[in-house]
2 protein chains.
Amino acid sequence: MDKKKNISMAVIKRLPKYHRYLEQLMKNDVDRISSKELSEKIGFTASQIRQDLNCFGDFGQQGHGYNVIELYNQISNILGLTKPYKTVVVGAGNIGQAISNYTRFEKVGFNLEAIFDINPKLIGIKIRDIEIKDIDYLEDYLKENPIEIGIICVPANSAQKVCDILVKNGVKGIWNFAPVDLVIPDNVKMENVHLSDSLLTLTCLLNDTE
Amino acid sequence: MDKKKNISMAVIKRLPKYHRYLEQLMKNDVDRISSKELSEKIGFTASQIRQDLNCFGDFGQQGHGYNVIELYNQISNILGLTKPYKTVVVGAGNIGQAISNYTRFEKVGFNLEAIFDINPKLIGIKIRDIEIKDIDYLEDYLKENPIEIGIICVPANSAQKVCDILVKNGVKGIWNFAPVDLVIPDNVKMENVHLSDSLLTLTCLLNDTE
């Protein structure tokens with residue numbers, strides 16, 4: 001694990017994909033896999049894979065390939081999946097509701113503790129037994145209930161305000177679905193899911209080939 | 001527009017962000033902006049911005065900055081936003097419903113024509129006046145109704161099958177939300193929104209700093 005701190009952002013971005021493929025291999029009872037075989041499945045070059053996996057220890061045995069379970073566990077570890085995370089969803093519109101309903105995340109240790117919204121019509125409604133609370137209560141809630149990950153699903157114009165409340169009250173990870181870039185301090189980490197940007201990338205690619 | 005074909009994937013990925021910021025500037029009645037000012041807002045370096053925008057024509061006038069509306073229109077053009085797109089959503093679970101309900105896309109020309117699902121409990125239900133159809137009818141529907149963009153929101157294990165039906169029936173753009181990598185022919189373009197990968201990237205970043 002000593003090498004962990006040196007993992008580049010490019011490698012970090014590829015790790016969840018390795019994790020997904022290794023999980024699939026485990027399900028198919030595959031014990032060992034060479035970088036070449038993994039390369040054919042995952043679409044990165046074998047040399048890229050060897051380089052990536054080298055970042056966090058010596059796994060592959062020359063000529064024997066990687067031990068799938070060992071590699072999966074190591075990547076799970078680096079991805080921080082060996083412990084649970086408490087999360088809140090702020091904004092219970094379309095995306096907020098979809099994320100709140102998505103039980104897949106729960107299975108890998110993401111526990112949704114609370115949902116907040118500003119809309120009086122939504123406050124009090126339950127999603128998977130979790131009652132949507134008034135956003136005015138967000139700050140008090142966070143003071144009493146330490147939360148690791150805040151999931152921002154509010155409109156662009158209120159996202160920074162929500163982000164500031166989350167950060168001020170100890171949230172260290174922001175998963176941002178609002179179509180805006182948020183400002184956070186260095187000790188907080190953020191991942192953006194900018195749906196519109198993704199859709200426009202697709203139309204750009206479509207347009208480029210015409 | 002002659003330079004368009006040479007735009008790299010890295011630039012394409014940045015274009016939606018330029019588009020978002022320029023839209024905001026227009027809303028704020030800003031006529032002109034220098035690469036330096038844009039850099040401060042958008043977070044890319046001024047030299048990066050000049051290089052990016054140079055890819056598709058001469059816009060900045062030395063010392064006068066960019067004409068905001070002109071640049072916005074040009075980027076809209078490159079992003080393919082000057083025409084409407086017919087879309088279908090396949091899979092009306094949490095994410096499929098959220099995307100179907102998201103009217104923001106409609107405003108910029110993405111017209112949701114139909115929604116499909118396999119679940120008898122969902123078939124017949126309406127989302128924004130669009131009735132959810134039986135997925136068995138997808139292929140026939142596509143033969144009669146040309147669709148540009150297919151939005152895949154089905155579980156991982158049925159995503160490739162859905163993708164194949166879409167591609168076989170003329171869909172040229174795939175927006176994939178299924179947590180799996182799909183195989184498509186070269187003449188089809190795909191953008192993935194892998195939510196789990198994004199969340200695991202966040203926990204990896206969180207874990208990396210501890």
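**Chains A and B: contacts and a recorded site**

Modeller: In this predicted model, A:Asn94 is in contact with B:Ala98, B:Asn101 and B:Tyr102, leaving aside its neighbours within four places in sequence.

Biologist: Where is A:Asn94 placed in chain A?

Modeller: A:Asn94 belongs to helix H5 of chain A, residues 94-101.

Biologist: Does A:Asn94 count as buried, exposed or partly exposed?

Modeller: A:Asn94 counts as partly exposed, because its relative accessibility is 29%.

Biologist: What about A:Gly96, buried or exposed?

Modeller: A:Gly96, also placed in helix H5 of chain A, is buried, since its relative accessible area is 0%. Leaving aside neighbours within four places in sequence, A:Gly96 is in contact with A:Val89, A:Gly91 and A:Cys153.

Biologist: Which residues does UniProt list for "binding site"?

Modeller: The unreviewed UniProt entry lists A:Gly91, A:Ala92, A:Gly93, A:Asn94, A:Ile95 and A:Gly96 under that name.

Biologist: Turning to the two chains, how many residues are in contact?

Modeller: On chain B, 58 residues are in contact with 58 residues of chain A. The two chains bury about 5,500 Å² between them, with 63% of it on carbon and sulfur atoms.

Biologist: How many salt bridges are there between chain B and chain A?

Modeller: The count is six. One of the salt bridges between the chains joins A:Asp197 and B:Arg20, whose closest N and O atoms are 2.7 Å apart.

Biologist: Which element gives the most to the side of chain B that touches chain A?

Modeller: H9(B) gives the most, with 14 residues. The residues of that side of chain B divide into 30 nonpolar, 14 polar and 14 charged.

Notes. Residues numbered from 1 in each chain as written. Chains lettered and ligands numbered in written order. Predicted model: local features only at pLDDT ≥ 70, side-chain atom pairs only at ≥ 80, totals over all residues. Heavy atoms only, no water. Contact = heavy atoms within 4.5 Å. Buried area = accessible area lost by both parts, 1.4 Å probe. Salt bridge = Lys/Arg side-chain N within 4 Å of Asp/Glu carboxyl O. Helix = DSSP H or I, 4+ residues; strand = E, 2+ residues; numbered from the N terminus. Nonpolar A, V, L, I, M, F, W, Y, C, P; charged D, E, K, R; others polar. UniProt positions renumbered as here; feature names shortened; annotations may be inferred. Buried < 20%, exposed > 50% of the residue type's maximum accessible area, 1.4 Å probe, protein only.
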